[in-house]
Amino acid sequence: MLTEITMKVHLGPPFLLCLILILIIQVEVSVSVPSDPSLKSGKTNGNANGSLYFPLSRKWSEKTDHENNYNLRSGWRWLEGFKEYTFTKRENDGVYYADIRIGTPPQTFTVIVDTGSATIAVPCQGCSCGNHNHFDVSKSSTGKGTGGRYRQCYSEGSCNEGSLIREKICIGDKCTGDEAVDHTFGCCSKFASAFKTQEADGIIGLSGSSGTLISDLRSHHKLEDNVFSVCFGHGMGGMSVGGYSDDRHLEPVQWVPMVSQASFYKVQVKQLYVNGQAIKMTSTIPIVDSGTTFTYVNSQTHDLLRKSFDTFCGASAENCPGQKNPPNTPKMDTRDAVYCYSKPEDMDYLTWTSKYPSIDIEFDSNRICAPASSYFFKSKDNIFCVGYLRDSRSRMVIGAISMIGFDVIFDHDNNRVG
């Protein structure tokens with residue numbers, strides 16, 4: 001049997017023109033674009049008997065014009081082997097989160113979906129961890145301390161610390177005890193400042209490391225395939241374990257070999273394209289990290305992206321309407337983003353972004369193509385910035401903004417990403 005956790009994604013017309021493929025990470029990861037906002041059947045990939053499906057939501061700072069196109073519902077239902085959830089939550093920083101339940105009786109938490117780390121962490125009772133739900137082990141009949149200490153640090157320098165607890169955990173805000181697995185998580189007594197202020201309570205790591213919740217779910221539900229996928233839309237999404245549904249895809253899955261599937265999912269990126277024109281960057285091996293909001297590139301690649309935008313925007317008076325880097329743009333966004341632009345008041349979001357170039361990422365012979373409607377993020381007021389940021393450490397990270405509109409499939413058994 002296969003358990004699948006799925007997300008529903010509704011993509012606007014620009015995605016239909018631009019979706020070329022999915023991205024494959026350390027293990028192979030496969031990406032496809034959903035064809036319909038609702039899952040039509042419980043079909044899985046050919047090797048799977050079934051799979052688990054969980055809902056995800058995205059964090060937003062404010063509702064933007066294009067978000068009004070999405071009709072979000074609440075509740076869940078079963079669809080021929082899939083457990084499908086719908087939801088209404090939107091948060092504020094561009095990453096995606098899921099609900100999990102911990103303990104007996106269960107306590108519910110929202111957690112960032114992070115393919116760049118391996119552990120689960122939520123605030124523990126007594127922690128000054130911000131305005132979040134805190135886990136109270138005294139209210140659970142199944143929680144057991146392991147005697148170990150928890151410490152997880154992230155690439156931006158923040159660290160969470162606490163104790164390790166073995167508990168019953170399942171994914172979803174309505175999951176039941178028979179779906180829960182015994183799993184060790186970090187019950188935090190110290191939260192990094194970024195975690196204190198984020199909307200989600202904690203984080204769930206889905207990296208290639210052994211001992212993740214994904215591997216425990218696969219074992220508990222006796223799933224045949226060591227596969228999981230994450231599917232991100234503009235305001236919501238889903239995650240599946242043990243398989244994936246072709247019914248969500250507009251095109252066949254295209255696979256890329258993973259360079260590594262240890263602590264991080266890594267793939268080789270050969271080239272970036274702006275409006276179909278190569279920027280002549282040096283081949284690099286980034287990590288695929290859904291817990292990072294933006295895509296980061298080194299300074300040389302960042303400069304090349306800026307030159308390509310200048311060329312495209314200067315080619316026609318109709319290209320790139322709006323002021324570039326308006327004076328009231330936050331300094332950090334002007335410094336780090338490729339460029340920021342003001343959206344004219346008389347243009348809706350999708351019409352405006354259609355005047356900007358696409359950005360393609362090329363892996364081997366495959367590409368994923370992102371229209372401007374997916375790579376722009378809202379800076380403030382009516383100012384939007386290109387979500388490719390300069391990385392001070394000269395690394396490339398493929399963040400959540402480059403996964404929007406794709407079903408990204410991590411195939412551990414075949415060491416590929418789709």
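Here is a short chat about some strands in this predicted model.

Tutor: Quick ground rules: residues are numbered from 1 along each chain as its sequence is written. As the model is predicted, local features need pLDDT of at least 70 and side-chain atom pairs count only at pLDDT 80 or more, while totals for chains, interfaces and linings use all residues, and side-chain values use heavy atoms, leaving out hydrogens and water.

Student: Why is β8 called a strand, and why is β8 described as largely enclosed?

Tutor: A strand is a DSSP run of E with at least two residues, numbered from the N terminus, and β8 covers residues 107-114. Buried means under 20% relative accessible area, with exposed over 50% and partly exposed in between (1.4 Å probe, protein chains only). Of the 8 residues in β8, 7 are buried, so the rest of the structure largely encloses this strand.

Student: How do you know that β7 and β8 pair?

Tutor: Pairing takes at least two bridges found by DSSP. Strand β7 (residues 96-102) has 6 bridges to β8, so the two pair, and they run antiparallel. Arginine 101 sits opposite threonine 108 in β8.

Student: What makes β13 a partner of β8?

Tutor: Here 4 bridges link β8 to β13 (residues 202-205), so that passes too, this time running parallel. Valine 111 faces glycine 202 in β13.

Student: Why are β21 and β24 called edge strands?

Tutor: In the open sheet of 3 strands, the order is β21-β25-β24, with antiparallel pairing. β21 (340-342) and β24 (376-380) each have a single partner strand, so one side of each lacks a neighbour in the sheet.
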